[in-house]
Every structure is written in structure tokens, then in C-alpha cells.
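This report describes selected features of one protein structure. Please keep the sequence and the model in view while reading.

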Amino acid sequence: MKVIRTRRGVRVVDGDIILSELPNKPRASGTLLDVLAAASVCLHSVEDMALLGFAAGGLIAPLRALGHEGKVEAVDLSTDWQDLYHEVAKDWGGEVVIDQDEASLWLSERNKPYDVIIEDLSEEIPEPDMVKKPWVSVNVLPQLMNAMLKPEGLAVINLLPWPNISWKVLIEEISFPFEEAIVITFDDYENRILIGGDQVPPARRASRLLREALRGIRSRQADRIQVKTLKSKV
């Protein structure tokens, strides 16, 4: 892995994979992190936020650009890139508390529910330049996140394809605990973002809110996403 410095910030890469894109001030990164941030703060009011998977903190710049000034409670197995984050974001990152722990253990020990829980975990697999979700993202965290949300809270999950499992099966498994869910797909990425909870905005309204927010921070992802309803209460 290596760090590439640009006029807009820093990029952490592993071969051809961009692990984190960290702007040098609150603004859009131009990546799917902008959409992940917008999905986390623009669909309902947010005070208490948990972030599972921090890496180099690339999500913080678009979060702050979108107007979220509150505390971010984050967890990651590795602290390798935290010094880099603090170097770049020390003047504008706001209150970000980063714990080193396994995400499901950390979340199960929290003593309060959250308005939003962002799940952005990944792990490398033997194939060159490939990553996938850890198994805990499929068989443990969806139920746990659902249990740790406030009544109107949202789980925002960055999905990656799983080897030898169809998108349909993977999404059905991860979305199962949630009463309602919508899915965001991209023109530029194979990732998908699942938004689940008891009161998820309808896809059309969510799409409008997300696009307005992304245009507001001049993210090129504003017109490169599609939002679809996955399931809703009957």
C-alpha cells in the first residue's frame, strides 16, 4: 500500500484499488464516499453517528461539506492510517473519536442507540487487487445495526460483490432484518449502498434529496446514481 499526494488531498492505494480518498478540506471527493456521506446525513436529522470502518477517514470531508458538524464515533481494526488522517484533517475534521476494535464487538458494547450507523468494512481476498465484505457484515452486523438504531434511524451499508454469490442473494441476506430498505447503484462503481431501517424514505424522495445534496457540494456523483426500493412495509 502507498500514499499518493495530490493538490486536492491524499489517496491510499493498494495496487489498482483505491482504499481511501481523503480531501484536504471539507469538500466532495468525487467518489462513492460522497454518496455514502449524503445517504448518512441528508435523509433525516442526525445527532448520534457510528462509523464502522475508518481506514484513512475519507468519509469525513464530504460529511463536513454536507453540513454535519456533530461527533463521529468510529471503529477500525487497524490504526495504520490514523496519523495520516489527523495530519490532513486536524484543522477541519471536527470531533472524531476512533477506537481500535472489531466492529461487531465494538457496536455491541455501545450504551446508546444511533441515528445512523455507517458500515464501510472490507477485507482483501487472495485474488489480486480485490476486496470483499468480511463475513461479519453478512451474518452478524445487519441484525446488530438494526437493534442499535433509534426508531427513525438508518443503517447505511457500502456493499461489495461477494465471490460466487449473486447480488440478489447477498442483498436479501443483508437487508433481511430491516423493515424497509432502498438500494443505490452507480454508473462508476460495482459497489451498491443499502439503506435500511424502520422508516426509510421512498426511493423517489431519497433520490431527489441525495442528488440535491451532492450537487450542493459539487460532487460528480450527483447524476451517476440510481435509487430503487428494495422492500417496504405492507
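## Helix 3 and its buried face

In helix 3 (residues 82-89), the residues Q82, L84, Y85, V88 and A89 are buried, that is, under 20% relative accessible area, where over 50% is exposed and the range in between partly exposed (1.4 Å probe, protein chains only). Because these buried residues fall within an arc of 155° seen down the axis of helix 3, they line one face of the helix; the arc is that of the directions from the helix axis to the C-beta atoms. Helices (H or I, at least four residues) and strands (E, at least two) are DSSP runs, numbered from the N terminus.

The model is predicted: local features need pLDDT of at least 70, side-chain atom pairs count only at pLDDT 80 or more, and totals for chains, interfaces and linings use all residues. Residues are numbered from 1 along each chain as its sequence is written, and side-chain values use heavy atoms, with hydrogens and water left out.

## Helix 7

Helix 7 (residues 167-175) has W167, L170, I171, I174 and S175 as buried residues. They lie on the same side of helix 7 because they cover an arc of only 115° around the axis.

## Strands 5 and 6

Strand 5 (residues 72-76) pairs with strand 6 (residues 96-100) in the parallel sense, over five bridges; pairing requires that DSSP finds at least two bridges between two strands. Opposite D76 stands Q100 in strand 6.

## I193 in strand 12

I193 belongs to strand 12 (residues 192-197) and counts as buried because its relative accessibility is 0%. The C-alpha atoms of I193 and V35 are separated by 8.5 Å, although these residues are 158 residues apart along the chain.

Conventions:
Right-handed = clockwise from strand over helix to strand, strands pointing away.
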